[in-house]
Amino acid sequence: FEKSFIEYFNLEKKNERVYYSKTNPSFFSNKQMFLLKELAIIKKEPLVRICLHKNDNEKIHEMLMVHSKPQKVGPLRQKNHESLTYLSLDGEAVIRTYNKDGKLEKTYKIHNNKNNYLRLCRLDSKIIRTIESISDYLIFLETCSGPFKDEHTIWE
């Protein structure tokens with residue numbers, strides 16, 4: 001299934017959780033988003049992504065992300081970056097921000113179709129945060145400034 005998925009959608013596999021789109025312009029249908037979710041479930045990967053940027057040195061990084069089951073990522077923050085945006089495409093998540101002492105500051109709920117929730121949350125990527133999917137799965141677009149190196153992420 002994975003091989004067919006990669007070929008059909010013209011992707012390059014970086015590792016078990018990360019793929020890069022080889023098309024320009026990049027575009028994704030609902031079908032592709034849900035197939036990515038199914039691929040994650042089949043592979044038993046709790047988080048997978050398709051990077052729309054061509055490499056880690058680009059100034060803007062856009063990633064189609066899937067949490068294949070409820071999970072929490074973080075607390076974390078990035079250094080050397082300016083902004084980070086989460087856009088819910090399907091599912092529900094809670095984003096929490098914390099101060100330097102680890103105390104909760106704010107909570108934001110994002111969802112793709114609940115009127116009392118946000119659809120999008122943009123914040124300074126240097127802020128300590130968590131993102132926790134609270135629906136059965138979560139499909140979202142994450143956009144952040146680059147370039148990116150693993151050492152830019154600080155796990156709190």
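How many nonpolar, polar and charged residues does the lining of the largest pocket have? In this predicted model, that lining has 15 nonpolar, eight polar and seven charged residues. The largest pocket has a volume of about 680 Å³, and a search of the whole structure finds eight salt bridges.

**The largest pocket**
- The pocket is lined by 30 residues, and those lying nearest its centre are Arg49, Met63, Glu142, Phe148 and Thr153.
- Several strands each supply at least two residues of the lining, among them S2 (18-21), S3 (47-51) and S4 (60-67), while the largest share, five residues, comes from S9.

**Arg49**
- Arg49, which lies in strand S3, is buried yet has no salt bridge, because the nearest side chain of opposite charge, Glu142, is 5.1 Å away, whereas a salt bridge requires a side-chain nitrogen of Lys or Arg within 4 Å of a carboxyl oxygen of Asp or Glu.
- Leaving aside neighbours within four places in sequence, Arg49 is in contact with Arg17, Val18, Tyr19, Met63, Leu64 and Met65.

**Salt bridges**
- Glu16 forms a salt bridge with Lys43, with the closest N and O atoms 3.0 Å apart; because Glu16 lies in the loop between strands S1 and S2 and Lys43 in helix H2, the pair ties together parts that are 27 residues apart in sequence.
- Glu16 also meets Lys13 in a salt bridge (2.9 Å, N to O), and Glu16 is partly exposed at a relative accessible area of 40%, as is Lys13 at 32%.
- Glu2, Lys13, Glu16 and Lys43 are linked in a network of salt bridges.
- The side chains of Glu38 and Lys37 meet in a salt bridge (3.2 Å, N to O), in which Glu38 is partly exposed, with a relative accessible area of 33%, whereas Lys37 is buried, with 11%.

Definitions and conventions: Residues are numbered from 1 along each chain as its sequence is written. This is a predicted model: local features need pLDDT of at least 70, side-chain atom pairs count only at pLDDT 80 or more; totals for chains, interfaces and linings use all residues. Side-chain values use heavy atoms; hydrogens and water are left out. On a 1 Å grid over the protein atoms alone, a cavity is a set of points where a 1.4 Å probe fits but cannot get out, and a pocket is an open set with protein on both sides within 12 Å along at least five of seven lines; lining residues have an atom within 4 Å of a point. Grid points are joined across faces, edges and corners, and a volume is the space filled by probe spheres set on the points. Helices (H or I, at least four residues) and strands (E, at least two) are DSSP runs, numbered from the N terminus. Ala, Val, Leu, Ile, Met, Phe, Trp, Tyr, Cys and Pro count as nonpolar, Asp, Glu, Lys and Arg as charged, and the others, Gly among them, as polar. Buried means under 20% relative accessible area, exposed over 50%, partly exposed in between (1.4 Å probe, protein chains only). Lys and Arg count as positive and Asp and Glu as negative; His and the chain ends are not counted. Contact means heavy atoms within 4.5 Å.
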